[in-house]
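User: Please go through this model and say on what grounds its features get their names.

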Amino acid sequence: MAKRDKRTARAAEVTGTCPCGQGLPYPDCCGRLHRGEADAPTAEALMRSRYAAFAVGDPDYLLRSWHSRTRPPRLQLDPAQRWTRLEVLGTDGGGLFDSTGTVEFRAHYREGREPGTVTERSRFVREDGRWVYLDDDPG
């Protein structure tokens, strides 16, 4: 079985608390979005679901939730990175009636024994009526 298949299978088996930080069981939280049963209602919800996809190893969801103009042709996740915590630092727009939004966040991970963080201000837009990740706001 290829690495991608193992990681995707791992995502389907997650049953504990969702990594997105909302405190809900994964199957009832971001798992619904990852399985395609629902769309994220806000830019922040999409960002949280994308973080959770990194944490559970679901590259297919990451690609599906990426804007068609900026999406890479494929995505390989690093199996050595373990995503451990998400902090939402702020949002601008991205609500139920908005068409654009930004979410600033800090994602914590471990690679081996070494901790690390990624801080980003992500831009989101609606494409075909649903929220998608556009890019990292360089501003």
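Analyst: The largest pocket holds about 270 Å³ of space. The model is predicted: local features need pLDDT of at least 70, side-chain atom pairs count only at pLDDT 80 or more, and totals for chains, interfaces and linings use all residues. Residues are numbered from 1 along each chain as its sequence is written, and side-chain values use heavy atoms, with hydrogens and water left out.

User: Which residues lie nearest the centre of the largest pocket?

Analyst: Of its 14 lining residues, Arg50, Phe54, Phe105, Glu120 and Ser122 lie nearest the centre.

User: What makes Glu44 and Arg48 a salt bridge?

Analyst: The closest N and O atoms of Glu44 and Arg48 are 2.9 Å apart. A salt bridge is a side-chain nitrogen of Lys or Arg within 4 Å of a carboxyl oxygen of Asp or Glu, so the pair qualifies.

User: Why does Arg48 count as buried, and why does Glu44 count as partly exposed?

Analyst: Buried means under 20% relative accessible area, exposed over 50%, and partly exposed in between (1.4 Å probe, protein chains only). Arg48 has 12% relative accessibility and therefore counts as buried; Glu44 has 26% and therefore counts as partly exposed.

User: How do you know that strands S3 and S4 pair?

Analyst: Two strands pair if DSSP finds at least two bridges between them. S3 (residues 114-127) and S4 (residues 130-136) have six bridges, in the antiparallel sense, so they count as paired. Ser122 stands opposite Asp136 in S4. Arg123 also forms a salt bridge with Asp135, the closest N and O atoms being 2.6 Å apart.

Technical notes:
Helix = DSSP H or I, 4+ residues; strand = E, 2+ residues; numbered from the N terminus. 1 Å grid on protein atoms, 1.4 Å probe; cavity = no way out; pocket = protein on both sides within 12 Å on 5 of 7 lines; lining within 4 Å. Points joined across faces, edges and corners; volume = space filled by probe spheres on them.
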